[in-house]
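Student: Please show me the model, and then let us go through it by question and answer.

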Amino acid sequence: MAFKPANEIQDLQYFGEFGGVNPSISDSSTYTFLSAKTMFDTFEGNADGCYLYSRHSTPSNLYLGEALAAMEGTETANVTASGMGAITPVLMQLCGSGDHIVSSRTIYGGTYAYLKNFMPRFNVSTSFVDITKLDAVEAAITKNTKVLYCESVSNPLLEVADIKALAELAKKHNLKLIVDNTFSPLSISPAKLGADVVIHSLTKFINGSSDTVGGVICGTQDFINALRSVNDGACMLLGSTMDSLRAASILKNLRTLHIRMQQHSLNAHFLAEKFEGLGLKTVYPGLKSHPSHNQFKSMMNDKYGFGGMLTIDVGSLDKANALMELMQEKNLGYLAVSLGFYKTLFSAPGSSTSSEIPENEQKEMGLSDGLIRFSIGLDADIERTFKMMQECMKSVGVL
Ligand SMILES: *Cc1c(COP(=O)(O)O)cnc(C)c1O
């Protein structure tokens with residue numbers, strides 16, 4: 001039977017302390033023990049259901065983590081203070097001095113900078129490859145490779161990874177496949193396709209209100225336990241823990257994710273078709289012209305569409321800037337990085353979110369100056385939005 005991620009979330013039931021319809025928030029950094037023996041056992045990891053200290057875990061964080069694990073179909077999950085606060089401990093947990101990572105070259109700018117500039121300080125090196133070329137991926141694997149890293153739908157070029165094939169490669173070479181699924185929650189379920197660990201920046205669609213940063217690591221109980229270990233767990237020791245109050249608020253937003261994703265996808269698909277119809281160079285996985293259209297289709301869950309992200313290339317940075325400023329003036333969206341807000345957000349990735357990537361490498365991967373990345377909002381009347389955007393394009397000479 002097909003996996004229904006939103007049903008998995010909905011079927012969980014947590015009540016508050018006094019029968020509240022939302023779970024109670026644990027507003028404490030530390031927890032009392034009735035006996036000294038239980039405290040010792042908890043430190044040793046042998047006292048299930050006991051809480052120790054909130055950097056380790058909290059009831060509120062566990063509620064959110066379990067809901068996200070249900071969504072991704074993994075055994076469990078650990079929530080973190082940000083998306084980067086999820087990515088960095090996972091890689092540090094799996095790699096040590098002398099190890100090697102094979103990563104997609106089109107990934108979030110912060111992840112790219114971390115792999116390229118930061119991890120070498122710990123003698124961990126990374127080969128960046130075109131993740132859509134499986135033979136190139138396999139050729140980059142060495143005897144020191146520990147991790148295969150990619151995004152299901154990549155930022156900002158919206159390349160789609162063949163997760164099943166990558167999982168087979170990972171298995172063959174005894175690697176862990178880590179997939180950042182931030183751009184395609186509900187639409188794609190990487191763990192169901194064989195990924196070992198699924199990461200999200202909760203900052204984006206999942207929380208959906210651009211009021212916090214947050215992250216999650218979804219994986220096996222063993223792996224999450226290892227990350228939380230008081231002796232050598234990267235989450236516990238590096239300390240990128242989410243606050244309980246925030247976990248409670250993200251859990252409430254998660255309740256409407258399925259409805260929001262449907263509307264984001266509907267609106268983005270509509271605009272992508274219209275933009276392409278105007279002759280603009282448009283990238284959206286839902287378009288038949290997208291090189292990975294069939295790949296996305298073969299992996300997607302029913303209902304949630306091809307996501308809320310699209311790009312257009314307007315030819316030059318000057319035109320891109322003029323168009324974005326005018327669209328903001330007309331209240332069509334905000335000139336801002338990030339994604340998943342109710343309002344459309346747009347930015348030119350070459351000079352913002354992907355500016356960590358050197359210019360010559362940007363060119364090689366097809367990240368051009370005139371590229372505008374859109375996170376399409378929840379607009380109630382997307383036809384009106386399109387007409388207004390078309391007017392803006394005419395006024396700045398894009399059309
Ligand atoms: C934003 C983002 C991140 C980083 O998440 P933060 O919450 O900003 O730390 C990682 N991966 C992708 C794909 C992102 O879009």
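Student: Where do the residue numbers start, and what pLDDT do local features need?
Tutor: Numbering runs from 1 along each chain as its sequence is written, and side-chain values use heavy atoms, with hydrogens and water left out. The model is predicted: totals for chains, interfaces and linings use all residues, side-chain atom pairs count only at pLDDT 80 or more, and local features need pLDDT of at least 70.

Student: In what order do the 5 strands of the open sheet run?
Tutor: Helices (H or I, at least four residues) and strands (E, at least two) are DSSP runs, numbered from the N terminus. Two strands pair if DSSP finds at least two bridges between them. The pairing here is mixed, and the edge strands, each pairing on one side only, are β8 (281-283) and β10 (334-335). The order is β8-β9-β12-β11-β10.

Student: Which residue of β12 stands opposite Asp313?
Tutor: β9 (residues 309-313) pairs with β8 in the antiparallel sense over 3 bridges, and there Lys281 stands opposite Asp313. With β12 (residues 371-375), β9 also pairs in the antiparallel sense, over 5 bridges. In β12, the residue opposite Asp313 is Leu371.

Student: What angle does the direction of helix α11 make with that of β9?
Tutor: Helix α11 (residues 257-277) packs on the sheet and touches β8 and β9, where contact means heavy atoms within 4.5 Å. Axes are lines fitted to C-alpha atoms, for helices over the stretch in contact, and angles run from 0 to 180 degrees between N-to-C directions. The angle with β9 is about 15°.

Student: Why is β9 described as largely enclosed, and how many of its residues are buried?
Tutor: Buried means under 20% relative accessible area and exposed over 50%, with partly exposed in between (1.4 Å probe, protein chains only). In a regular strand the side chains alternate between the two faces of the sheet. In β9, Met309, Thr311 and Asp313 are buried on one side, and Leu310 and Ile312 on the other. The strand is largely enclosed by the rest of the structure because the buried residues number 5 of the 5.

Student: Which helix supplies the largest share of the lining of the largest pocket?
Tutor: A pocket is an open set of points on a 1 Å grid over the protein atoms alone, where a 1.4 Å probe fits, with protein on both sides within 12 Å along at least five of seven lines; lining residues have an atom within 4 Å of a point. The largest pocket is lined by 23 residues, with Gly45, Asp48, His56, Asn225 and Arg228 nearest its centre. Helices α2 (36-43), α3 (59-72) and α8 (221-228) each supply at least two lining residues. The largest share, 3 residues, comes from α8.

Student: What phi does Lys303 have?
Tutor: Most residues other than glycine have a negative phi. Lys303 lies in the loop between α12 (293-299) and β9, and counts as exposed at 67% relative accessibility. Its phi is positive, at about 90°.
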